[in-house]
Amino acid sequence: MTETPAITPRTDWTREEIAGLFDLPFTELVFRAAEVHRASHPHNEVQLSTLLSIKTGGCVEDCGYCSQSVSANSGVKATKLMEVQQVLQRAAQAADQGSTRFCMGAAWRNPKDRDMPAIIEMVKGVRAMGMETCMTLGMLTPDQADMLSEAGLDYYNHNIDTSPERYDQVITTRTMDDRLDTLSNVRMAGINVCSGGIVGMGETRADRVGFIHTLATLPDHPQSVPVNALVPVKGTVLGDMLADTPLAKIDDVEFVRTVAVARITMPLSMVRLSAGRESMSEMTQAMCFMAGANSIFTGDKLLTAPNSGDDNDAAMFARLGIKPMAIELTPAQVEAQRMPKGCAKLEAAE
């Protein structure tokens, strides 16, 4: 069997080139994306990730899609930052269920310095279990990024959400440049960048082209690119605006096209099939995997949104012949992954 030649990443994509990819016949686009994927990633393997809201609601940003904004009338109540021990117990449960990546999200515009010691302990504790760690806490200063790097954080998530042209129609309390500044701080600190966006917010294909162009022309491609389908939540600006309209759900073929173009333009990145899976058919998800998506969030909830459960995902993987992606653990990490036993020891020590 002939090996597929390695793909060299480019950061000089033009919008015209990306638009040309979107315009390809669907089967041709998916075929090209699958070729690119197989050149750099194990095929038929998908990483299982878990996302936990470690601080819910009360965010001062006005993101039009988000139920956790103080501007939303979604019924989400604000909570305090979870205790470190609670987070580690949830991480241990995720590891037991097969997750190899644990993502922690806090509904903040930016973390306060007083919160950083607890955040650091969460990173260290989850990393000791052998899982990849990811945080999404809003905007970061260079010093905060350095602190997270020293703690061993693997990824920092900060989505650009949409195209530069449409950005201020989705969020007004910060700019696209604010987002890019945080990504720069993360990159300079040596942390892997996780940045993607949301489709199905009433945007045009030109906006999807602009969204991918922005990511694919960064100095280095994000190592992780989540592609989310909007989950319209009643009480949010976009949820109310798009409710009961054809724009409330992106066309499945167009969603797969977006995944495929992300894969082709950012060949070495993990392309993460994120929010909105609970409303996708199994065949749509299968097409996304064929087009190069190689990570999903599993479990019943993504922050405050519903998600396909572990059992459903296991059954889908079995039907599709997909294996959960494994990561190599050190002996110390194998031992640490035995928490909640380990968590119980920590609790007793306290």
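These are my notebook entries on a predicted model.

**Entry: the annotated binding site**

I began with the UniProt record. Its unreviewed entry places the feature "binding site" at C103, C134, C194 and R272. I asked how far apart their C-alpha atoms are. The four span 170 residues in sequence, but no two of their C-alpha atoms are more than 13.2 Å apart, so they gather at one spot.

**Entry: C194**

I found C194 in strand β5, which covers residues 192-194. Is C194 buried or exposed? I read a relative accessible area of 3% for C194; the cut-off for buried is under 20%, so C194 is buried. Next I listed its contacts, leaving aside neighbours within four places in sequence. C194 is in contact with R101, with Y155, Y156, N157, H158 and N159, and with S224 and P226.

**Entry: R272**

R272 sits in strand β8, residues 270-273. I noted a relative accessible area of 1%, so R272 is buried. Which residues does R272 contact, beyond its neighbours within four places in sequence? I wrote down Q47, S49, R101, E132, Y155, S224, V225, P226, V227 and S295. I also checked its side chain for a polar contact. The side chains of R272 and S224 are joined by one of 2.4 Å. S224 is on my contact list for C194 and on my list for R272.

**Entry: the nonpolar cores**

I turned to the nonpolar cores. The largest has 87 residues. Which residues have the most contacts inside this core? They are I54, M135, L148 and F255. Helix α10, residues 252-265, gives the largest share of this core, with 7 residues.

Not counting residues up to four places away in sequence, I54 touches K80, L81, M82 and V87 among others. M104, G105, A106, I119 and M122 are also touched by I54. M135 and L137 complete the list for I54.

I also noted a second, separate core of 6 residues. C134, Y155, C194 and F297 are included in it.

**Entry: cysteines**

How many disulfides does the model have? The count comes to 0. I looked at C59 as one case. The nearest cysteine sulfur to C59 is that of C63, 6.3 Å away, and C59 is in no disulfide. C59 has 10% relative accessibility, so I marked C59 as buried. C288 has 0%, so C288 is buried too.

**Entry: positive phi**

N44 has a positive phi, near 60 degrees. D161 also has a positive phi, about 75 degrees. N44 lies in the loop between α2 (26-40) and β1 (45-55). D161 is in the loop between β4 (155-157) and α6 (167-170). Their accessibility came next. N44 is partly exposed, at 43% relative accessible area. D161 is buried, at 2%.

**Entry: E61**

Last, I checked E61. I found E61 in the loop between β1 and α3 (84-96). E61 has a relative accessible area of 1%, so E61 is buried. What does its side chain meet in a polar contact? The partner is the side chain of R174, at 3.4 Å.

Key:
Residues numbered from 1 in each chain as written. Predicted model: local features only at pLDDT ≥ 70, side-chain atom pairs only at ≥ 80, totals over all residues. Heavy atoms only, no water. UniProt positions renumbered as here; feature names shortened; annotations may be inferred. Helix = DSSP H or I, 4+ residues; strand = E, 2+ residues; numbered from the N terminus. Buried < 20%, exposed > 50% of the residue type's maximum accessible area, 1.4 Å probe, protein only. Contact = heavy atoms within 4.5 Å. Polar contact = N/O pair within 3.5 Å; in protein donor to acceptor, adjacent residues only side chain to side chain. Core = buried A, V, L, I, M, F, W, Y, C linked by side-chain atoms within 4.5 Å. Disulfide = S-S within 2.5 Å.
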